[in-house]
Amino acid sequence: MSDAHAKPNHDYHLVDPSPWPLTASISAFVLAVGGVMYMKGLTFGGAKIGSYVFFAGLIGVLYVMAAWWTDVIREAEYGGYHTRVVQLSHRYGMILFIASEVMFFVAWFWAFFNTSLFPNFPTEYLRTQFLGGVWPPKGLEVIDPWRLPLLNTLILLTSGTTVTWAHHALLENDRSTVKKALLLTVVLGVVFSFVQGYEYLHAPFAFKGSIFGATFFMATGFHGFHVIVGTIFLLVCLIRVQAGQFTPTHHLGFEFAAWYWHFVDVIWLVLFASIYVWGSWGAAMEG
């Protein structure tokens, strides 16, 4: 879309008309409607089509993401639209996005600490009865933080080191090292996700019927989703490096991926310290 008009003689990027915002809105609407139909068991003409509507919307959203971001890459790499002024605006946008993600996790930490710090709150009778007035809830068996959670902590911290290694290599224009370090980071992200999946399958408590389980799976589950998104983000950067893109002075896509990955690292450290270690203190450990 960026080559429809000649590049103007100024530092600001006036985006050309694009079909993607409208297409994204329609796809997201179809996705939401399909999700509601599936979860509520609603029918259309006597047929349960919720799952089909949901996946149609999902395919539309994924297609728009790929096509829209491809246009942005073309603008950056071949159109010359990402001037220093535009890059600064993009950095502000990414900072605000990460800040909004921080506030998203604040909600889950708030839910966890509101319950764990006040398990015997005088006005919360049902909570006190359900928890037994203590945290973790009386009789609950929890995950040992010094086994798989500690392993995943080391994996994620190592991946933060390798992505920083890749960034410094890119600044030195050492593309061979960038590829190796980025590939290692992606592999570590995938390993983290598999380890957490194994941990979920063998967790001694469930999401349903447990305040501990609900707060645990919501906080760590959304973090796991962010790890998957970050891994895909870094994989795209690896593909772009293989294609000869990014230079020591122009690599916003990679820089934002690194920022996002470090954000994921920091959130995990808070999760590990608060939910896995402090939150399970004094309870019976699995196995």
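**The pocket and its surroundings**

Author: In the UniProt record, an unreviewed entry, the feature "transmembrane region" is placed at residues 20-39, 51-70, 90-113, 181-198, 210-238 and 259-279. What you have before you is a predicted model, and two of these spans can be compared with it directly. Residues 20-39 are 100% helix and 0% strand, with 28 Å between the end C-alpha atoms, while residues 181-198 are likewise 100% helix and 0% strand, with their end C-alpha atoms 26 Å apart.

The protein has 8 helices and 2 strands, and along the sequence they follow the pattern α-α-α-α-β-α-α-α-α-β. Its C-alpha atoms fill a box of roughly 70 × 55 × 30 Å along the principal axes, and of the 287 residues, 40% are buried.

Now to the pocket itself. Rolling a probe the size of a water molecule over the atoms shows where empty space is left. The largest pocket holds about 1,500 Å³ of space, and its lining is made up of 43 residues, among which Met65, Trp69, Val72, Phe233 and Phe256 lie nearest the centre. Sorted by class, that lining has 27 nonpolar, 10 polar and 6 charged residues. Helix 2 (50-79), helix 3 (84-116), helix 7 (211-242) and helix 8 (252-277) each contribute at least two residues to the lining, and the largest share, 12 residues, comes from helix 2. Because both domain 1 (11-81) and domain 2 (84-276) give residues to the lining, the largest pocket lies between these two domains.

In helix 8 you will find Ile267, which counts as buried because its relative accessibility is 8%, under the 20% limit. The C-alpha atom of Ile267 is 23 Å from that of Ala206, and the two residues are 61 apart along the chain. Between helix 7 and helix 8 runs a loop that contains Phe246. Phe246 has a positive phi of about 75° although it is not a glycine, and its relative accessible area of 2% makes it buried.

Aromatic rings also deserve attention, since rings whose centres lie within 6.5 Å count as a pair. The count comes to 29 aromatic pairs. One of them joins Phe112 and Phe113, whose ring centres are 5.1 Å apart and whose planes stand at 75°, so this pair is edge-to-face. Phe112 is buried, at 1% relative accessible area, whereas Phe113, at 28%, is partly exposed.

Most residues other than glycine have a negative phi, and most peptide bonds are trans. Against that background, Trp135 and Pro136 are joined by a cis peptide bond, with omega about 0°, and Pro136 lies in the loop between helix 4 and strand 1. Leu140 lies in the loop between helix 4 (125-131) and strand 1 (141-142), and at 17% relative accessibility Leu140 counts as buried. Asn173, in the loop between helix 5 (148-171) and helix 6 (175-201), has a phi near 60°, a positive value in a residue other than glycine, and counts as partly exposed at 45% relative accessibility.

Conventions. Residues are numbered from 1 along each chain as its sequence is written. This is a predicted model: local features need pLDDT of at least 70, side-chain atom pairs count only at pLDDT 80 or more; totals for chains, interfaces and linings use all residues. Side-chain values use heavy atoms; hydrogens and water are left out. Rings of Phe, Tyr and Trp (its six-membered ring) pair if their centres lie within 6.5 Å; planes under 30 degrees apart count as stacked, over 60 as edge-to-face and the rest as tilted. Buried means under 20% relative accessible area, exposed over 50%, partly exposed in between (1.4 Å probe, protein chains only). On a 1 Å grid over the protein atoms alone, a cavity is a set of points where a 1.4 Å probe fits but cannot get out, and a pocket is an open set with protein on both sides within 12 Å along at least five of seven lines; lining residues have an atom within 4 Å of a point. Grid points are joined across faces, edges and corners, and a volume is the space filled by probe spheres set on the points. Helices (H or I, at least four residues) and strands (E, at least two) are DSSP runs, numbered from the N terminus. Ala, Val, Leu, Ile, Met, Phe, Trp, Tyr, Cys and Pro count as nonpolar, Asp, Glu, Lys and Arg as charged, and the others, Gly among them, as polar. Domain bounds come from an automatic or database domain assignment. UniProt positions are given in the numbering used here, feature names are shortened, and annotations may be inferred rather than shown by experiment.
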